[in-house]
Amino acid sequence: MTDRAWESRLITVVAAVLVVFGLAAVYGASSLVATGGGGQVGATFALRHAVGAAVGALLATILARVDYQKWRQWAWPLLGITAFLLLIPLLPFTHAITPTINGARRWVSLGAFSLQPSELAKFSVVVWCAMLAAKKGEQIRTFKNGVLPFLVILVPIIGLIFLEPNLSMALLVAILAGTVLFTAGARIGHFLLVGSAATPLLYGAVASAQYRLARVLTFLNPGAAPTEATWQVKQSLIGIGAGQLVGVGVGQGQQKLGYLTYAYSDFIFSTIGEEWGFLGVLVIALLFGTFLWLGFRIARTASDLFGQLLATGITVMIGLSVVLHLGVTLAVIPATGVTLPFMSYGRSSLIVALAATGVLVSVARGRRRGAAAG
């Protein structure tokens, strides 16, 4: 049998390179913000990001050596912990540990570290759906015994994320759950039924919030939108275009100088385009493409259905976040706050992405253990 150990090694290297590039990009994009006050030095954001990278790398190393079958036992406790963390910001007496930032309470402060539970929810839902779908087997093709039990558990989880409020993350988690179920064999007709029932709710969620409605209308008709509504996206495109072939140099970008907000997180790809140019963007795209290719290879050759579903869910979790982030920065989808995995500033996102990569490596190693046992 062909030794596939190179896949787990290569995906580890790709993730590590993306993290290193991300540290450089965050340093270049956050220098103005970090020196804006409070006595912080220019490298403050990059140093925090490096701490997240170190914690994530340690977790990934540990989880890569843990038999991924353990996640069958851990799926329910993990989902329960996630639900509890998602509930905390919604409680009226938890303001001391759940700060309101930009009108939303999405973080739980744990001393020196702040956790964004919705980031953990992406991974938790993938693990739980993979476990239950593998357990149900052919029953997944029925609605009553297959899809309905998932809805009973997932709708409250997604609802808690929506109430933060964080509609984009709620939709992302729902899509991830749907991907795992579809891979397990759920019928398209059932997805259409659920989608039809959810469409009025989605419409109401968008229409009930002025800022969400403005984003959608701006995307559909940018020419008629006021300048302040299109400012962020226009500045993103200006930054990407200014980079030309080789970029203006790390730390030399102009868009971060008060023109493009969150240039170090939600719009990190714009900063990469400006400072690293087309060649830098091409390298990043090739790295992510390689990661996804390897992830799906691992999923396709996993030794059991649970491993296949788990690896598929993790790979789609990374890939979909990449697509959404690039779509926003290139103005091909309405603006929303989705980080670029491994690269955007945000320790919760980075730690979860690296931990999930460790689990993916564990699935890859499980193929060799299965082959040896056979």
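Is phenylalanine 123 buried or exposed? Select phenylalanine 123: this residue is buried, with a relative accessible area of 6%. Buried means under 20% relative accessible area, exposed over 50%, and partly exposed in between, using a 1.4 Å probe and protein chains only.

The model is predicted, so local features need pLDDT of at least 70 and side-chain atom pairs count only at pLDDT 80 or more, while totals for chains, interfaces and linings use all residues. Residues are numbered from 1 along each chain as its sequence is written, and side-chain values use heavy atoms, with hydrogens and water left out.

**Stop 1**

Apart from neighbours within four places in sequence, Phe123 touches Trp71, Leu78, Ile314, Met317, Val352, Ala356 and Val359.

Next, select Leu310 and Phe342 as well. Together with Phe123, they have the most contacts inside the largest nonpolar core, which has 97 residues. Helix α4 (residues 117-136) gives the largest share of this core, 13 residues. A nonpolar core is a set of buried Ala, Val, Leu, Ile, Met, Phe, Trp, Tyr and Cys residues joined through side-chain atoms within 4.5 Å. Helices (H or I, at least four residues) and strands (E, at least two) are DSSP runs, numbered from the N terminus.

**Stop 2: aromatic rings**

Rings of Phe, Tyr and Trp (its six-membered ring) pair if their centres lie within 6.5 Å; planes under 30 degrees apart count as stacked, over 60 as edge-to-face and the rest as tilted. The count by this rule is 13 aromatic pairs. Select tryptophan 71 with phenylalanine 123: the ring centres are 5.3 Å apart and the planes are at 90°, so this pair is edge-to-face. Because tryptophan 71 lies in helix α3 (residues 70-87) and phenylalanine 123 in helix α4, the pair ties together parts 52 residues apart in sequence. Tryptophan 71 is buried too, at 7% relative accessibility.

Now select Phe45, Tyr262, Tyr264 and Tyr345, which form one aromatic cluster.

**Stop 3: valine 26**

Leaving aside neighbours within four places in sequence, valine 26 is in contact with Phe45, Ala46, His49, Tyr264, Ile268, Met343, Ser344 and Tyr345. Valine 26 counts as buried, at 0% relative accessibility.

**Stop 4**

On a 1 Å grid over the protein atoms alone, a cavity is a set of points where a 1.4 Å probe fits but cannot get out, and a pocket is an open set with protein on both sides within 12 Å along at least five of seven lines; lining residues have an atom within 4 Å of a point. Grid points are joined across faces, edges and corners, and a volume is the space filled by probe spheres set on the points.

Select Ile158, Leu171, Ala174, Val194 and Ala198, the closest to the centre of the second largest pocket among its 26 lining residues. This pocket holds about 870 Å³ of space. Helix α7 supplies the largest share of its lining, 10 residues.

The whole structure has 2 cavities of 30 Å³ or more. For the largest cavity, of about 70 Å³, select its lining: Glu119, Lys122, Met317, Ile318, Ser321, Thr339, Pro341, Ser349, Val352 and Ala353.

Conventions. Contact = heavy atoms within 4.5 Å.
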